[in-house]
Amino acid sequence: MLRLITWISLKLGRRMARLILYLIAGYFVLFAPKARRSSRAYLTRVFGRPAHIWQVYRHFFSFAATIHDRIYLLNDRFDFFDISLHQPEAVDTAVATGRGVLLLGAHLGSFEVLRGIGRQHIDPRVIMVMYEKNAERINAILAAVNPNIEQNVISPGRVDSMICVQKELENGALVGLLGDRSFGKEKMQPIPFLGKSALWSNGPLRIAAILRRPVFFMTGLYTGPGKYEVFIEPLADFTEVEKEGKEAALQQALTNYVGLLDKYCHMAPYNWFNFFDFWQ
């Protein structure tokens, strides 16, 4: 099915392929009750009022659209996209000098649009840190979309994981992690999010602390057909943090992260793609 929709997208055109997305979104609204309930609960929180079914449908469609756009992004068809980049000079400087950048994102918008940054700036490698089980699924999908694409994934929890991350940073790569899922069995901390306490892991931030690196919050928000707004903001700097102050710095960084996630969920509510009860 992935190869089929890839063929339709690349051979028959983006407009024809997007028509299929309306059917796909409708199918999941009708036949995925758990995800539908979770979407409605989230949208109710972010809007501050009960969400309508058409808003749930729009939520599903936005998710489908960002996945579909990967077909073109992974095939270097950046001419289909209007990607606006908002980032501090510190990121430009780090990339230009080859120091590499740690980016902490979320299941908010599309991380894949980072590949589009290379069309406007120096073209750094983009590396994702994710578990092997998820990486295998992602790699299978990417292979169906473009068999020749390089699979830049590092699995956490392995003996050489930290060394691999450090090496990529030293080579000037953009190393991305997602902070709204647990990295394993680490302790979870309750922090309010969209008006109710949720559990959060500081595992990804600990990587930045161990490597003594600055870390930036990143999100690529889908704002319409072919349009994305990429926001990168300073999140924390562990360069000079000593051992005695590390835990306090981690707690403050995690609080800042949740605050930024709350901010961007309100800015682009249909971009939050955790279709389960996040507060459970």
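1. Basis of the values. The model is predicted, so that local features need pLDDT of at least 70 and side-chain atom pairs count only at pLDDT 80 or more, while totals for chains, interfaces and linings use all residues. Residues are numbered from 1 along each chain as its sequence is written, and side-chain values use heavy atoms, with hydrogens and water left out.

2. Salt bridges in general. The structure holds four salt bridges, a salt bridge being a side-chain nitrogen of Lys or Arg within 4 Å of a carboxyl oxygen of Asp or Glu. Three of them are described in the points below.

3. Asp69 and Arg14. The side chains of these two residues, Asp69 and Arg14, meet in a salt bridge at 2.7 Å, N to O. The pair links distant parts of the chain, with Asp69 in helix α4 and Arg14 in helix α2, 55 residues apart; helices (H or I, at least four residues) and strands (E, at least two) are DSSP runs, numbered from the N terminus. Asp69 counts as buried because its relative accessible area is 0%, and Arg14 is likewise buried, at 13%, where buried means under 20% relative accessible area, exposed over 50%, and partly exposed in between, with a 1.4 Å probe and protein chains only.

4. His68. Helix α4, which spans residues 53-74, also holds His68, and this residue is buried because its relative accessibility is 2%. Apart from its neighbours within four places in sequence, His68 is in contact (heavy atoms within 4.5 Å) with Ser9, Arg14, Ala17, Arg18 and Leu21.

5. Arg206 and Glu247. In this salt bridge between Arg206 and Glu247, the closest N and O atoms are 3.0 Å apart. Here too the pair links distant parts of the chain, since Arg206 lies in helix α8 (residues 203-211) and Glu247 in helix α9, 41 residues apart. Arg206 is partly exposed at 29% relative accessibility, and Glu247 is partly exposed at 43%.

6. Ala209. Helix α8 also contains Ala209, which is buried because its relative accessible area is 9%.

7. Arg77 and Asp79. The closest N and O atoms of the salt bridge between Arg77 and Asp79 are 3.1 Å apart. Arg77 is partly exposed, with a relative accessible area of 31%, whereas Asp79 counts as exposed, at 54%.

8. Nonpolar patch. Trp7, Leu12, Met16, Leu19 and Tyr22 form a nonpolar patch on the surface, with about 540 Å² of accessible area together. Patches are made of residues with over 30% relative accessible area and no salt bridge, like charges being joined within 9 Å and nonpolar side chains (Val, Leu, Ile, Met, Phe, Trp, Tyr) within 5 Å; accessible areas come from the Shrake-Rupley method with a 1.4 Å probe, and for residues only the protein chains shown count as cover. Helices α1 (2-12) and α2 (14-31) each supply at least two residues of the patch, the largest share, three residues, coming from α2, while Leu12 is placed in α1.

9. Negative patch. Asp237, Glu240, Glu242 and Glu244 gather in a surface patch of negative charge. Lys and Arg count as positive and Asp and Glu as negative, with His and the chain ends not counted, and the place of a charge is taken as NZ of Lys, CZ of Arg, CG of Asp or CD of Glu. Glu242 sits in the loop between β9 (227-237) and α9 (246-267), and is partly exposed at 49% relative accessibility.
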